[in-house]
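Hi,

Here is the structure I promised to pass on. Have a look at it first, and my notes follow below.

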Amino acid sequence: MKLKAKLTFGVGFLFFMILLLAIVSGYYVYRLKKDTNNILVDNYKTLHYSRNMLLAFEDFRTNAKSVQLFEHNLMLQKSNVTERGERAVTERVNHHFLRLKREVKNGTIVANLRKDIFQLMYLNMQAIEYKNNVANTTAEKALLAISIVGAICFMIAFVLLVNLPLAIAGPIVQLTDSIKQIAAGNYKRRLHFKRKDEFGEVAQSFNTMAQKLEEYTESKLGKILQHKKRIEALINNMHDAVIGVDEEKRVLFANEPACLISGLKLAEFEGKNLEEIASFNDLIRNLLDKINSLHQESGHLGLVQAFAFGKENYFELEVIDLNVVPTGEESSQFIGQFILLKNVTSFKERDVAKTNFIGTVSHELKTPIASIRMGIQLLTNRRVGDLNEEQKNLLEGIADDTARLLKITGELLDIAQVESGTIQMKLAPASIGPIVDYALLANRSMVEQKQIRIDVQLEKELPMVFIDTEKAAWVLTNLLSNAIRYSHEGGVIAISTKRIGARVLLLVEDHGQGIPAQYLTKIFDRYFRVPGSTKEGTGLGLSISKEFIESMGGEIDVQSDFGTGSTFFVYLPIARPILLAYDPPA
């Protein structure tokens with residue numbers, strides 16, 4: 001039977017018995033009330049009337065009012081006849097009373113009247129006794145019926161009190177405990193309810209759920225462990241050093257290369273905080289300082305130098321922030337970092353070799369190029385001999401190519417010095433004006449060839465800047481030559497200066513073809529040239545300019561709208577608050 005049916009039947013039957021008890025109790029109480037009322041109302045009144053008639057009968061001869069009293073009570077008695085034989089006795093009392101009124105001194109009538117009154121009282125006394133017995137019987141029946149019904153109600157209530165909590169609370173307690181076990185990961189937990197009610201169905205459904213969870217967990221756990229081992233094998237077989245940390249920078253894993261370059265064992269890594277390891281390990285301290293200085297989500301933090309594998313090694317540090325979106329949420333949550341140390345020693349060695357090679361070759365090429373240039377100058381001298389027109393054209397082409405080669409070798413030497421760190425900056429206070437004049441003079445032939453107008457606007461009172469004059473002139477010359485090269489014939493190039501705080505801003509603005517937006521971030525990279533450009537160049541000029549300006553403590557930037565031109569911004573540090581008046585040439 002279903003638990004709902006059991007509860008309905010038990011509680012319904014208990015309700016029915018309680019209702020029956022109320023009905024039986026009410027019925028017997030009503031009967032007792034009725035029987036008691038008959039005794040008190042009917043028979044008691046007759047006894048009261050009879051007593052009054054006896055009292056009046058005693059004073060019948062001496063007191064005239066006694067006759068009236070007797071007549072009054074006799075009249076009341078006539079209207080209160082309730083018992084069998086009481087009417088006949090009442091009639092005899094009335095008959096003897098009427099005779100006594102005529103024959104006052106007749107002793108026989110007096111005796112008969114008194115006898116009739118006592119007979120009337122006797123009849124009512126018997127009636128009272130009978131009705132009392134009836135009331136007692138009714139009370140006994142009521143007590144018996146109420147006791148039986150009450151006992152049945154008590155038994156039913158007791159059975160429900162004992163069984164109902166156990167029938168409901170017991171399975172619920174077991175179910176709650178089993179749910180807690182499942183939540184704790186004990187998927188082998190089962191419910192054993194040998195019942196055919198709702199709890200039996202709940203137990204069956206629970207056991208099915210637990211079995212499926214157990215099968216699912218076992219199958220998924222095996223896959224998870226397999227994936228975990230695969231990832232661990234992948235990380236351990238990586239040639240690059242890998243360290244994984246959680247959101248509190250506690251080390252979760254570290255592969256063998258990470259242990260080798262740090263000189264630590266795996267046990268000294270796992271579970272330890274990076275700050276704790278950094279207290280006794282210089283490499284980890286260096287890594288932690290670079291990581292703490294990172295202001296973006298992930299990125300390259302430059303090179304890290306460490307002695308490992310029997311020689312000095314260089315590692316490129318990259319930190320990747322790990323963020324996940326928790327289930328049921330929309331925003332991501334930071335859970336840790338992936339620290340990668342990529343060994344770039346071989347690239348560094350090749351880069352050094354390349355720099356040395358470029359420096360050596362460029363230096364060696366400058367001598368024969370200078371000799372070629374001198375030979376061209378001698379050939380163009382009339383004292384050697386006159387040249388025909390075709391020979392002059394050939395010599396002009398050779399001279400241009402020689403100048404181009406000389407410029408390329410100079411740039412290669414400059415970049416070699418920048419990369420090797422041997423570049424020497426001769427910083428000193430200087431004025432902007434002479435540098436601008438030098439750049440204009442160096443590019444005069446190109447300006448005249450393309451008929452370009454140079455608009456120079458320098459502030460009248462401009463502070464001196466703390467720079468290397470030669471390097472700054474080279475940068476401005478390069479920027480101006482680029483502007484001329486990419487400007488249209490007959491165009492305008494603007495050169496202007498402005499003081500901004502503790503720096504002087506030098507602007508070179510052209511109205512040429514401009515630079516596409518996708519290449520603006522790469523324009524200062526070495527050997528980079530805008531794809532599709534037909535202009536000559538090595539892709540080193542802007543890179544060298546950036547290195548020179550930053551070495552002087554300045555900054556260089558660019559803004560460009562493709563098709564409308566470009567503007568280069570050069571910020572140079574002010575030397576000291578000494579104002580220099582300069583009038584640009586007309």
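Predicted model: local features only at pLDDT ≥ 70, side-chain atom pairs only at ≥ 80, totals over all residues.

A word on terms before anything else: a residue is buried under 20% relative accessible area, exposed over 50%, and partly exposed in between, using a 1.4 Å probe and protein chains only.

Residues are numbered from 1 along each chain as its sequence is written, and side-chain values use heavy atoms, with hydrogens and water left out.

Now the overall picture. The protein has 15 helices and twelve strands; these are DSSP runs numbered from the N terminus (helices H or I, at least four residues; strands E, at least two). Of its 586 residues, 35% are buried. The accessible surface is about 35,800 Å², with 57% of that belonging to carbon and sulfur atoms (Shrake-Rupley method, 1.4 Å probe; for residues, only the protein chains shown count as cover).

On to the inside. The largest nonpolar core has 39 residues, and Ile467 and Leu479 have the most contacts inside it. A core here is a set of buried Ala, Val, Leu, Ile, Met, Phe, Trp, Tyr and Cys residues joined through side-chain atoms within 4.5 Å. Elements giving two or more residues to this core include α12, α14 (469–486), α15 and β12 (565–581). Helix α14 provides the largest share, eight residues. Apart from this core lies another, of 25 residues, among them Val251, Ala254, Ala258 and Leu274.

Leucine 479 is worth a click: leaving aside neighbours within four places in sequence, it is in contact (heavy atoms within 4.5 Å) with Val508, Leu542, Ile556, Phe568 and Val570. Leu542 is one of the buried residues of helix α15 (residues 541–551), along with others including Phe548 and Ile549. Just after α15, glycine 553 takes a positive phi of about 85°.

Back to proline 434, which is in helix α12 (residues 432–442). Proline 434 is 39 residues from alanine 473 in sequence, and their C-alpha atoms are 8.7 Å apart.

Finally, phenylalanine 9 in helix α1 counts as exposed because its relative accessibility is 59%.

Cheers
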